[in-house]
Amino acid sequence: MNVTFLNKQGRVNVECREGETLLQAGLRYGVPLPYSCGAGVCSTCIARSKPGTVTSMWPQAPGAQNLNPAKGECLLCQCVPVSNCEILVPGKVVLTENSGMSPQHQFGQLVNLEEIAPSVATFELELDQPITFLAGQYLLLRLPAMEGYRPYSMTSFSTCSQNPTFVIKCVPGGRFSETLFNDKFKAARVDVFGPMGKATFDPAEERDLTCMVGGSGIAGIMSILRQSRDTNYFSEHKLTMVFGVRKPEDFFFLDELREIQESVPANINIHLAVSDSSDSNSVPAELAGLPIWRGFVHEVAERVMAKDLSGRLGLLGGPPAMLDGSLRLLLSAGVPVHDIRYDKFG
Amino acid sequence: MSESNEDDWYPLCSIDDLAEGTLKKFEINDIALVAVRIGDEHRAFPPFCPHMSEPLHESGICAGAVLTCSKHLWQWNLLTGEQQGPAEKALLMYETSVRQAQVWVRIEKELVYDYQEEDEEDDFEW
């Protein structure tokens, strides 16, 4: 199908493959379409189509609930064309510019699922073709017979990788994660599209960092930390980080975080936060050599890094409430929005 | 206060009801609005983000005189309504005033954003 994206700034034509979403087709051609989650949640990619020219693969997507059908509103990340079509992209994005990114379709095999904390596992994706990605980016993965793709950030970093690794939390009712956990250790073949995402970091930016992450939202930050460690980035730059979960037993990656902390103790401060205060005696003062605080990530961050926020790059990852609290903290501290990076998956 | 029709002015709340930098939603004659205090100033505006109509009393974050919608980080100067950073539309504002420790708001008509302005696209007819 031929798809034309247009707005007041111009128009661009792309060829959309069978079963491919409008967003994927556009991104594959380097069209700088607006998006964040790529998976029907955040509604960043709302656009407009003419009646009957597109259909949604997942009409019940959370991000589709506020669409106005009378205006032809649709989610680029969920809709596929049923005929050649024109898509009106709102805003001032210059569609004829090239994004410089070119995510692609391929297949991969999920292997080495390993439970590392209650309802949290790591897994590896054996890709048919190697990919190049930026630290902090994610891939869209789809199991056979699933309505749509789900976004998962790489925890590993390599300039060219055929075996990226991920961390996943088993979400009750979440088809992807429940299938994975129920079929424990059974390799599954998945559709893959990517790399995606703008919450990236390049050591060439030469910035001090503050990171606020919750649960499996640490994934993209781990990729950034691993790249930074491997390039000895923190010998010249500072990192302050808060990693939060509900209970002490929910933590994971702590040995590696401690190693990162100990690699340049003068420049790196990693704190842990536990939000469940139902048993006040069960929280130790530290875990794996890292200090634990009681409270939500943004509350602990306000306590331990308030003076470190200004002038730094803020990297966030986690569930919506954690992101909102952390955003509030950063904005209140005067951090400009262009210095705050996150992808909104929830 | 302007020379507007006195009938257009409505008492909103006591000045003590508005906490610094905290968005509070009100409804007057079936018209919803959000109000906030910035220092000694008070502002009232429609409860929806001009971008994608997010409920600003939930998604809005105030830091000083800057309002940010956490959905897509659109920002405005709360004192003037002018857009900042990535925002592409200004915040519409109701006129406010303080009389005897009460915040008043002038509602001549409900302020609504034109989310359909893209219809003006010359070669995109519906």
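The questions below go from the chain contact to the domains and then to one residue of this predicted model.

Me: How many residues of chain A are in contact with chain B?
Reply: Look at both sides of the contact. Chain B gives 16 residues. On the side of chain A, the number is 21.

Me: Which element gives the largest share of the side of chain A that touches chain B?
Reply: Three elements of chain A give two or more residues each: β1 (2–7), β7 (85–88) and α6 (320–332). The largest share is five residues. The element that gives it is α6(A).

Me: How do the residues on that side of chain A divide into nonpolar, polar and charged?
Reply: Take each class in turn. Nonpolar residues number seven, and polar ones seven. The charged residues also number seven.

Me: What distance separates the centres of domain 1 and domain 2 of chain A?
Reply: Domain 1 of chain A covers 2–88, and domain 2 covers 104–196. Their contact takes 10 residues from domain 1 and nine residues from domain 2. Taken over C-alpha atoms, the centres are separated by 24 Å.

Me: How far apart in space are A:P51 and A:A70?
Reply: In sequence, A:P51 and A:A70 are 19 residues apart. In space, C-alpha to C-alpha, the distance is 8.8 Å.

How values were computed:
Residues numbered from 1 in each chain as written. Chains lettered and ligands numbered in written order. Predicted model: local features only at pLDDT ≥ 70, side-chain atom pairs only at ≥ 80, totals over all residues. Contact = placed C-beta atoms within 7 Å. Helix = DSSP H or I, 4+ residues; strand = E, 2+ residues; numbered from the N terminus. Nonpolar A, V, L, I, M, F, W, Y, C, P; charged D, E, K, R; others polar. Domains from an automatic or database assignment.
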